[in-house]
Amino acid sequence: MPQAAEDFDVHCRQAAMDFLQTVVVADNQPILTTGYQAPKRATRRTAQPPGSIDEDDMPGSAIASNDARNDPEPGDSHNLDLRQIVNTFAQQGITCGSYLPREETPDDDVVKYTFNCAFPADIAIIDWQLKENNPEPAIEVISRLLEADEAEGGRLRLIIVYTGERDLGYAAGRLASTLKRNGHVIPQDANHPEILEEGSVRIRFLNKPMRGYEGASDIVNPEDLPDRAINEFVALSRGLLRAFALASVSAIRRDVHRMLAQFPPQLDGAFAGQRATIDDPDDAGRLMIEVLQSEFAVTLNKADLATEMLGAAASNKWLALQDNLPEPDVDLKFKEDPDREKLKKLDSSRKHELVEKGLGGASDNTEKRLKIISAFLGCDDDAVNRRRQFAILSTLAWHGGTDANRSLRQPPALSLGSVIKQPSDDVEAPTVLWLCLQPKCDCVRLHMRTEPRGFTLVMLKENNERFDLIIPVGERNKAFRMDHKEPVIRTVPFEVATGHTMVVAREKEDGWSFTDYEGYEWEWVAEVRESRMLELVNRLAAQLTRIGLNQDEWVRLQSRPAG
């Protein structure tokens, strides 16, 4: 492996190792090696703690010791050496649990229990034949995992199929075909047919040791399976931003008990008093959400992950792997930093310099700065779309586009930053959206009003040349601009549904909608992140509050900056 690739791999692997906590193994032929003798089953039932399940009551045991065979049958490629796997994961600081179905367990129960333990795990290792000579339960489990992940808005999902099947490509193809029929397109890798991968999902078929098949690249001994599984997770999670996200979640996981300690039951009475004495009692709960969010920010800032995972060193490791980036002529001067050399051609060395030092002191030339941004994206047809996706990530908290990465568990409420759209029969007309400018304090306690509350909206027009927001509309990521000099602003009163204190959307077959007082429906499109929304409101307010003065021109010109 080239040094640059190795350096970045180490960076990503450390983030993955910090993140990984749980692995689940599901297999119907476990064995225990090293001469360990499983304890004999008790002849009478012993007292069980309340809520516990005796293994005689479970169709499939999740306990290795009583069901695992101590003496493996020679040459049986479907056996699983569970002790080796569990112990080696433990040496890596990762907890490995197991579900070990019996042959007499009904298929539906095998699928149910395997899914239940695999769904929350960071890595799922599943035998291709959870029932003898029958891969259908495993296929059904994988299909249900992907369906549940999609319902949750997507997640990083690694599944290792650890099997005695000799033809891994055929088994992977069978799985891919079934998943496609179920609506999950996870294609086989053209060069490695034993791998299925798409987006944040990776399914890797690996062979158990098999007599007469030694030396094959996909055979993995039990003691080597943990390292291989971790390597597969690194392959799935490889990336500058994804490593940062993994490290951030890991920091919150490590600090979660400290955060929990900040909310002791002794403060419950104080919270109840807060709730009892404000106009809208639910504001008390919203305050606690803000407090918890601030605790998350404290944890992340303390860990200094912005520097460790996204700083100059990490970014240069990523940049060293980018071979085919364009090298445009920029011709940009550093007027405020005469010691820096003029930026002429943006070659690899100057890219590394910019990643480390930025453009501090350079002339503020919009077109040249946009050219620099494009030089880090590549030359392929999807480069512009990737830049738009980053804009969506950084400016939108929620959206209803077809590639939305999070599901809405609660209906959206109309408030500052909501983006809505009036349905139109003219499919050829440019898309027009409306951005809600209503202060948050005027979006609550609406049930107490005798008159309808009007919501202030500003028009967003589709504009690919100059824009303020990238917003997914259907299958496309469209660019929109608010006219800052001549904004189109209107006030629309909306209906407050019975039982609500805010204007809450109603779910429709294709999304969510608000209803105004005239009965017209407005489609919910997105929610702008608060930081971006405040910047837009400030810019609009600055334009609306400008004043014109008739003054001495000589004095006015003398007050302007030199040059």
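1. Basis. The model is predicted: local features need pLDDT of at least 70, side-chain atom pairs count only at pLDDT 80 or more, and totals for chains, interfaces and linings use all residues. Residues are numbered from 1 along each chain as its sequence is written, and side-chain values use heavy atoms, with hydrogens and water left out.

2. Aromatic pairs. The whole structure holds 6 of them. Rings of Phe, Tyr and Trp (its six-membered ring) pair if their centres lie within 6.5 Å; planes under 30 degrees apart are stacked, over 60 edge-to-face, and the rest tilted. Trp-128 and Phe-205 form an edge-to-face pair, because their planes stand at 65 degrees, with centres 5.3 Å apart. This pair links distant parts of the chain, 77 residues apart. Trp-128 lies in the loop between strand 6 (123-126) and helix 5 (136-151), and Phe-205 in strand 9 (residues 201-207). Helices (H or I, at least four residues) and strands (E, at least two) are DSSP runs, numbered from the N terminus.

3. Burial of that pair. Buried means under 20% relative accessible area, exposed over 50%, and partly exposed in between (1.4 Å probe, protein chains only). Trp-128 is buried at 3% relative accessibility. Phe-205 is buried at 0%.

4. A second pair. Phe-494 and Trp-522 have ring centres 5.7 Å apart and planes at 65 degrees, so this pair is also edge-to-face. Phe-494 sits in the loop between strand 18 (489-493) and strand 19 (506-508); Trp-522 is in strand 21 (residues 521-528), 28 residues apart from Phe-494. Both residues are buried. Ring pairs join Phe-455 to Phe-494 and Trp-522 in a cluster.

5. Charges over rings. The criterion is NZ of Lys or CZ of Arg within 6 Å of the ring centre and within 35 degrees of the ring normal. Arg-253 places its charged end over the ring of Phe-19, 4.3 Å from the centre.

6. Cysteines. How many disulfides does a search of the whole structure find? The count is 0, with a disulfide taken as a pair of cysteine sulfur atoms within 2.5 Å. Cys-12 is buried, at 1% relative accessible area. Cys-117 is partly exposed, at 24%.

7. His-184 lies in the loop between helix 6 (168-181) and strand 8 (195-198). His-184 is buried, at 9% relative accessible area. Beyond neighbours within four places in sequence, His-184 contacts (heavy atoms within 4.5 Å) Ser-143, Leu-146, Glu-147, Glu-150 and Leu-179. Asp-149 is in helix 5. Its relative accessible area is 4%, so Asp-149 is buried. Leaving out residues up to four places away, Asp-149 touches Phe-119, Gly-154, Arg-155 and Arg-157.

8. Helix packing. Helix 3 (residues 82-91) and helix 7 (residues 225-237) pack at about 60 degrees, axes 8 Å apart. Helix 3 is therefore oblique to helix 7. Axes are lines fitted to C-alpha atoms, for helices over the stretch in contact, and angles run from 0 to 180 degrees between N-to-C directions. Under 35 degrees is roughly parallel, over 145 roughly antiparallel, 65 to 115 roughly perpendicular, and the rest oblique. Ile-85, Thr-88 and Phe-89 in helix 3 meet Leu-225, Pro-226 and Ala-229 in helix 7.

9. Helix 12 (residues 312-319). Its buried residues are Ala-314, Ser-315, Asn-316 and Leu-319. Their cover includes helix 1 (3-19), helix 8 (240-261), helix 11 (305-308) and helix 13 (348-357).
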